[in-house]
Amino acid sequence: MASPSTGYQIHSINFNPHILSPSRTKFTSLSLNFSNAKHPLKWNHIGSPRMFTVPVVSIMASSSRELLPPALDSSSEPPAIFDGTPKLYISYACPYAQRTWIARNLNQGLQEKIQLVPIDLKNRPDWYKEKVYPANKVPSLEHNNEVKGESMDLIRYIDSNFEGPSLFPDDHSKREFAEELYSYFDSFYKAVISSLKEDKLNDAIAAFDFIETALSKFVDGPFFLGTFSLVDIAYAPFIERFQPFLLEGKKYDITTGRTKLAAWIEEMNQIEAYTITKRDPKEHLESYKRRFLSQV
């Protein structure tokens, strides 16, 4: 995928070279506001460390937040289907749909090219199943007069079929490990869910220990493959939901003794493409209480 020309602003918070590396991002404008020049900044440029005498800063894409449309329900008219405009059908509350929403958001240009169409899953419009996606699930993507589904497939599809920096590494060992982590996801999910349903945490503890080990494999950044990738997108919506419920509902902090996981969560929360898709933790908590506490 071709690298876009993107404008960035630098804010004096902290700098993370692992999300936007110089080999993948072209800066057309930079806005700096430094109060001093005493703090060294280390930037890894294509494997070569370079030292600059500037304060520690964070890079954040300069884009206005998207105005999110209301969810469509059984009383809503359908959008113009198969009119040539790619459409991503999601639910704001669904973690699987959230994966594809994040992938779309990471390239600012895709927010304009791929129309977001939220669906009310509790009151689904009949036309969605009849005219768009017979499986009647989200997410789905309408593109090139076809509709595709399954979130893991769709994040790869978006990464491969639209312009923007690729989120899948060229490095063979990283690609191999990515596939391993994709395959492990179902086991991870089932292990944590089984612990939420029962009054014991053995399975969840083992699953998060695996995540901590996985985050330790590559040392060139805080993410699963070192630099930010599709793997982080695959896991983030679920860890976002598991963390608050395990903490309050089970009195278990998933970051205790797991420094890599704690750092990963902190870094994920610096990525606007992800944070604009997040729900209030209280919503996750209430949803999981209704789902699981009555079963314990």
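This is a predicted model: local features need pLDDT of at least 70, side-chain atom pairs count only at pLDDT 80 or more; totals for chains, interfaces and linings use all residues.

**Entry 1: the whole chain.** I looked up burial first: 47% of the 296 residues of the protein count as buried. Buried here means under 20% relative accessible area, exposed means over 50%, and partly exposed is in between, with a 1.4 Å probe and protein chains only. Residues are numbered from 1 along each chain as its sequence is written, and side-chain values use heavy atoms, with hydrogens and water left out.

Next I looked up the secondary structure and found 10 helices and nine strands. Helices (H or I, at least four residues) and strands (E, at least two) are DSSP runs, numbered from the N terminus. I also checked how far contacts reach, a contact being heavy atoms within 4.5 Å. Among contacts between residues at least 6 apart in sequence, 67% join residues at least 24 apart.

**Entry 2: helix 1.** Is helix 1 mostly covered or mostly open? Mostly covered: 10 of its 11 residues are buried. Among them are P95, A97, R99, W101 and N105.

I picked W101, which sits in helix 1 (residues 95-105). W101 counts as buried because its relative accessibility is 3%. Leaving aside residues up to four places away in sequence, W101 touches L68, L88, I90, Y92, L116, I276 and T277.

**Entry 3: helix 4 against helix 7.** Two packed helices are described by the angle between their axes and the distance between the axes. I looked up both for helix 4 (residues 151-161) and helix 7 (residues 230-249): the axes come within 10 Å and cross at roughly 145°. The axes are lines fitted to C-alpha atoms, for helices over the stretch in contact, and angles run from 0 to 180 degrees between N-to-C directions. This crossing is right-handed. That word applies if the near helix is turned clockwise from the far one by less than a right angle, and left-handed if anticlockwise.

Which residues meet there? From helix 4 they are M152, I155, R156 and D159, and from helix 7 they are L230, I233 and A234. I sorted the residues of this contact into five nonpolar, no polar and two charged. For that sorting, Ala, Val, Leu, Ile, Met, Phe, Trp, Tyr, Cys and Pro are nonpolar, Asp, Glu, Lys and Arg are charged, and the others, Gly among them, are polar.

M152 got its own note. M152 is buried, with a relative accessible area of 17%. Not counting residues up to four places away in sequence, M152 touches R99, Y182, F185 and A234. M152 and R99 are 53 residues apart in sequence and 7.9 Å apart in space, C-alpha to C-alpha.

**Entry 4: helix 8.** In helix 8 (residues 259-268), the buried residues are L261, W264, I265, E267 and M268. They line one face of the helix, because they fall within an arc of 165° seen down the axis of helix 8. The arc is that of the directions from the helix axis to the C-beta atoms. Their cover includes helix 6 (202-214), helix 7 and helix 9 (272-275).

**Entry 5: helix 10.** I checked the buried residues of helix 10 and listed H284, L285, Y288 and F292. They are on the same side of helix 10, because they cover an arc of only 100° around the axis. These residues pack against helix 5 (172-197) and helix 7. K282 and R290 are exposed on the other side.

Entry 6: Most residues other than glycine have a negative phi, and most peptide bonds are trans. I went looking for exceptions. V138 and P139 are joined by a cis peptide bond, with omega about 5°. P139 lies in the loop between helix 3 (126-132) and strand 8 (140-143).

What is phi of N144 and of N145? Phi is near 55° for N144 and near 65° for N145, positive values in residues other than glycine. N144 is in the loop between strand 8 and strand 9 (146-149), and N145 lies in the loop between strand 8 and strand 9 too. N144 is exposed, with a relative accessible area of 59%, and N145 is exposed at 61%.
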